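Visitor: Please give me a close look at one part of this structure, and stay with that part and its surroundings in one connected account.

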Amino acid sequence: MTPSAPRAYSLLDRLLIGLDHALLTSLSDAAHAERANPARGTPDLELTDAERRHAAGLMRVNHTGEVCAQALYVGQAAVARDAATRAQLESAAQEETDHLAWCADRLRELDARPSLFNPLWYAGSYALGTLAGLRGDGWNLGFVVETERQVEAHLAEHLESLPVADARSRAILAVMKADEARHGDHAQAAGARKLPFPVPQAMAAMSKVMKVVAYRV
Ligand SMILES: [Fe+2]
Ligand SMILES: [Fe+2]
């Protein structure tokens with residue numbers, strides 16, 4: 001028997017795979033990390049009620065951010081023209097899946113739930129990712145750079161804002177921040193375009209709304 005050639009997926013196939021992925025990511029708790037949770041071995045110190053609520057709000061924002069990252073990357077990969085760009089987007093998406101699973105673990109430990117609006121955030125980010133991707137790979141990568149820089153900045157804020165005793169959330173966010181910086185650097189090196197005004201500003205405004213909403217619900 002001769003080995004069969006790898007299957008070439010059509011654009012429609014890739015969009016349907018993206019939809020399937022959306023259902024798994026935003027509607028279920030099925031994200032599976034390939035790397036060990038960075039909080040493993042970090043003591044679970046006691047938090048006051050107010051501290052626990054604040055930490056849960058921040059980790060819910062981070063979880064939703066990772067749902068959006070999944071959607072962006074999957075949307076962008078679905079329409080990327082160059083196979084190398086697509087492979088890069090898919091490999092970053094796997095690391096985002098790790099982040100998603102780690103944030104979900106920590107939310108459970110804090111006795112909190114993910115945002116109720118995750119399916120909506122997924123849909124919006126998927127649409128954005130697809131639109132960026134359709135404008136060409138330079139734009140696609142430029143979008144990655146801008147997203148990762150913004151996420152890195154908000155993770156730095158969260159690392160400051162988390163209760164001192166919440167060492168487990170902090171351990172997770174520190175690894176995520178290093179990963180996001182690397183995703184941005186790789187996309188930059190692969191030929192990202194600088195996004196024109198007002199795209200970065202619109203992205204920042206949208207993520208601000210997401211953060212305010214997801215902190216609460
Ligand atoms: Fe991430
Ligand atoms: Fe990332």
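Guide: In H5, the residues Glu146, Thr147 and Gln150 meet Pro200, Met203, Ala204 and Ser207 of H7, where two residues are taken to be in contact if their C-beta atoms, placed from the backbone, lie within 7 Å. By class, the residues of this contact of H5 with H7 divide into 3 nonpolar, 3 polar and 1 charged; Ala, Val, Leu, Ile, Met, Phe, Trp, Tyr, Cys and Pro count as nonpolar, Asp, Glu, Lys and Arg as charged, and the others, Gly among them, as polar. This is a predicted model, in which local features need pLDDT of at least 70 and side-chain atom pairs count only at pLDDT 80 or more, while totals for chains, interfaces and linings use all residues. Residues are numbered from 1 along each chain as its sequence is written, and chains are lettered from A and ligands numbered from 1 in the order in which they are written.

The helices themselves are DSSP runs numbered from the N terminus (H or I, at least four residues; for strands, E, at least two). The axis of helix H5 (residues 137-161) comes within 11 Å of the axis of helix H7 (residues 199-216), and the two cross at roughly 45°, the axes being lines fitted to C-alpha atoms, for helices over the stretch in contact, with angles that run from 0 to 180 degrees between N-to-C directions. H5 and H7 are therefore oblique to each other, since angles under 35 degrees count as roughly parallel, over 145 as roughly antiparallel, 65 to 115 as roughly perpendicular and the rest as oblique. The crossing of H5 with H7 is right-handed, a label used if the near helix is turned clockwise from the far one by less than a right angle, with anticlockwise giving left-handed.

H7 also packs against H2: their axes come within 8 Å and cross at roughly 125°, and H2 and H7 are therefore oblique to each other. H2 passes H7 in a right-handed crossing. Here Gly57, Arg60, Val61, Thr64 and Cys68 in H2 meet Met210, Lys211, Ala214, Tyr215 and Arg216 in H7, a contact made up of 5 nonpolar, 2 polar and 3 charged residues.

Pro198 lies in the loop between H6 and H7, and the peptide bond from Phe197 to Pro198 is cis, with omega near 5°. Most residues other than glycine have a negative phi, and most peptide bonds are trans. Val217 lies in the segment after H7 and counts as exposed, with 11 C-beta neighbours inside 10 Å; a residue is buried if 20 or more other C-beta atoms lie within 10 Å of its own, exposed if 12 or fewer, and partly exposed in between, with C-beta atoms placed from the backbone. Not counting residues up to four places away in sequence, Val217 touches Ser115, Leu116 and Phe117, and its C-alpha is 6.1 Å from that of Leu116 although the two are 101 residues apart in sequence.

H2 leads on to the annotated positions. For "binding site", an unreviewed UniProt entry lists Glu66, Glu96, His99 and Glu180; UniProt positions are given in the numbering used here, feature names are shortened, and annotations may be inferred rather than shown by experiment. Glu66 is found in helix H2 (residues 49-79) and is buried, with 26 other C-beta atoms within 10 Å. Leaving aside neighbours within four places in sequence, Glu66 is in contact with Glu96, His99, Leu100 and Cys103.

The unreviewed entry also lists Glu96, Glu148, Glu180 and His183 for "binding site". They span 88 residues in sequence, yet no two of their C-alpha atoms are more than 11.0 Å apart, so they gather at one spot. Glu96 lies in helix H3 and is buried, with 26 other C-beta atoms within 10 Å. Glu180 is found in helix H6 (residues 167-189), is buried with 25 other C-beta atoms within 10 Å, and, leaving aside neighbours within four places in sequence, is in contact with Glu148, Val151, Glu152 and Leu155. His183 is likewise placed in helix H6 and counts as buried, with 25 C-beta neighbours inside 10 Å; not counting residues up to four places away in sequence, His183 touches Ala92, Val144 and Glu148.
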